[in-house]
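Here are some notes for a colleague opening this entry for the first time. Please keep the structure in view while reading the points below.

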Amino acid sequence: MGNDALIFEQGSPGRRATAQAPGHLPAPDGIPAAFLRQEAPGLPEVSELQVVRHYTRLSQRNFSIDTHFYPLGSCTMKYNPRASNSLALLPGFLDRHPWAPTRCGQGFMACLWELQDMLAEVTGLAGVSLTPMAGAQGEFAGVAMIRAYHRARNDDARTEILVPDAAHGTNPATAVMCGFRVREIPTDSDGDVDMQALREAVGPATAGIMLTNPSTLGVFERRISEMADVVHQAGGLLYYDGANLNAILGKVRPGDMGFDVIHINLHKTFSTPHGGGGPGAGAIGVGERLLPFMPLPVVGRDESGEYHWVTEADRPRSIGRLSAFMGNAGVLLRAYVYARMLGREGMSRVAEFATLNANYLMTRLRQEGFQVWFRNRRASHEFIISFRREAREHGITAMDVAKRLLDYGYHAPTAYFPLLVPECLLIEPTETETREELDGFVAAMVAIRQEGIDDIDRLKGAPYAMPVRRLDEVRAARELDLAWRPGDNRTTDTSTATRRAK
């Protein structure tokens with residue numbers, strides 16, 4: 001039986017792994033007979049060592065920040081120091097019940113209060129709420145506060161949110177979820193928002209604009225103060241997507257740029273590994289005019305130094321609650337520990353090394369003949385290269401390169417985003433990679449391009465070293481089948497979309 005076999009296919013009838021099994025537990029009283037199982041569940045019949053080896057092999061096939069370079073633009077796996085994890089798991093934190101009285105959790109609440117304060121200082125804003133459970137939820141909270149602000153002023157004519165054409169895809173989706181119409185603003189040939197188009201777009205219907213700076217094009221909006229003035233003079237507010245905060249951490253603050261609200265991906269910028277859909281925390285920072293509308297609860301401190309929850313009784317105009325309690329406590333504690341370890345100087349170094357690594361890698365790839373988009377601009381923490389020329393001359397696509405990088409031991413960068421750039425890879429080397437690692441990535445890119453020139457069919461077949469080969473993404477999405485049933489035997493069937501989807 002091959003190592004790629006499903007665990008159901010590895011055992012034999014009657015084989016058991018019972019060393020760690022609990023004793024027999026009778027069914028609880030009161031469950032109706034119709035809901036009680038009449039036969040044993042169809043679990044894999046394998047030995048203890050088979051179980052251990054199977055899941056160990058699966059873990060070794062993962063790409064992770066512990067084992068691989070992760071140059072994934074904007075959403076990159078970033079630094080994950082073990083101290084953040086171990087301290088967040090201290091018994092006093094781990095065993096605290098969310099319904100426990102505040103007097104029994106003063107240490108925990110002190111950490112959150114200090115995290116709120118540090119994030120407010122980092123962003124240059126007046127207050128912070130830690131309750132959003134993910135970046136997307138933080139984004140929703142930000143636009144919902146903009147909506148609440150205008151409604152409180154009886155300014156119901158503001159029905160439009162402006163979104164640059166290079167924005168993250170969640171931005172227009174969030175605006176629509178909050179009941180706004182989306183108006184797209186183009187970017188110019190240098191990657192900046194087109195100021196003339198912005199001036200023509202703003203007006204009495206403008207509720208606000210959503211953008212990030214640096215943008216997803218990897219460049220810093222050079223006229224951001226002018227943009228803020230244009231939007232504010234029209235009566236709108238500025239929302240900051242915090243996905244790219246690493247690039248400016250400790251150097252420049254969104255509040256000083258003129259932003260009224262920001263969500264911060266604590267699971268990206270502040271140490272918790274991001275991937276697989278979670279865990280996350282999308283803290284919200286707001287300016288003075290949005291303080292009354294922040295999602296609750298937040299942590300307050302009275303004159304005696306005791307911490308308490310600020311609730312709807314204190315802020316009746318709040319947009320409400322986003323989670324059952326007060327946010328993803330484990331991620332928030334990891335972010336707190338990491339921020340404490342960094343300190344002010346450490347946060348500045350994050351931005352310095354993120355920018356240095358990005359510009360070094362961009363320059364090395366340009367020296368090797370790769371087409372860098374916005375070649376006259378300095379990279380922020382990420383940059384874009386395009387395979388438009390290679391696709392036209394040799395049939396080498398960005399997806400071909402992304403798939404082949406897996407064989408070289410590198411997770412692929414973001415492919416085909418932003419949509420404005422043809423055949424593109426969005427590359428973010430992060431602040432923690434060494435020069436040797438970056439040089440190795442350049443060497444792999446050069447080798448892969450030459451492989452495509454010499455033998456395009458071989459490149460089109462990549463990856464070769466992974467448990468499954470090149471996916472038919474469309475079939476895998478349309479015919480997705482993740483269930484195993486007795487009698488199935490897909491170990492040798494690597495040609496179907498259902499097998500490859502697994």
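1. Start with T397. T397 sits in the loop between α12 (388-394) and α13 (398-407). Helices here are DSSP runs of H or I with at least four residues, strands are runs of E with at least two, and both are numbered from the N terminus. T397 is buried, at a relative accessible area of 18%. Buried means under 20%, exposed over 50%, and partly exposed in between, with a 1.4 Å probe and protein chains only. Setting aside neighbours within four places in sequence, T397 contacts F387, Y416, E423 and K460. A contact is a pair of heavy atoms within 4.5 Å.

2. A word on the model. This is a predicted model, in which local features need pLDDT of at least 70 and side-chain atom pairs count only at pLDDT 80 or more, while totals for chains, interfaces and linings use all residues. Residues are numbered from 1 along each chain as its sequence is written, and side-chain values use heavy atoms, leaving out hydrogens and water.

3. Next, helix α6. N171 belongs to helix α6 (residues 170-177). Its relative accessible area is 1%, so N171 is buried. Beyond neighbours within four places in sequence, N171 is in contact with E139, V163, M210, Y239 and D241.

4. Now the sheet. Four strands form an open sheet in the order β10-β11-β13-β12, with antiparallel pairing. β10 (371-372) and β12 (414-415) are the edge strands, each pairing on one side only. Pairing requires at least two bridges found by DSSP between two strands. β11 (residues 383-386) and β13 (residues 424-427) pair in the antiparallel sense over 4 bridges. F383 stands opposite I427 in β13. C424 is buried, at 0% relative accessibility.

5. How many disulfides are there? The count is 0, taking a disulfide as a pair of cysteine sulfur atoms within 2.5 Å. C111 counts as buried, at 11% relative accessibility.

6. Last, the surface. I31, F35 and L36 make a nonpolar surface patch of about 300 Å². Patch residues have over 30% relative accessible area and no salt bridge; like charges are joined within 9 Å, and nonpolar side chains (Val, Leu, Ile, Met, Phe, Trp, Tyr) within 5 Å. A salt bridge puts a side-chain nitrogen of Lys or Arg within 4 Å of a carboxyl oxygen of Asp or Glu. Areas come from the Shrake-Rupley method with a 1.4 Å probe; for residues, only the protein chains shown count as cover. F35 lies in the segment before α1 (48-61). F35 is exposed, at 67% relative accessible area.
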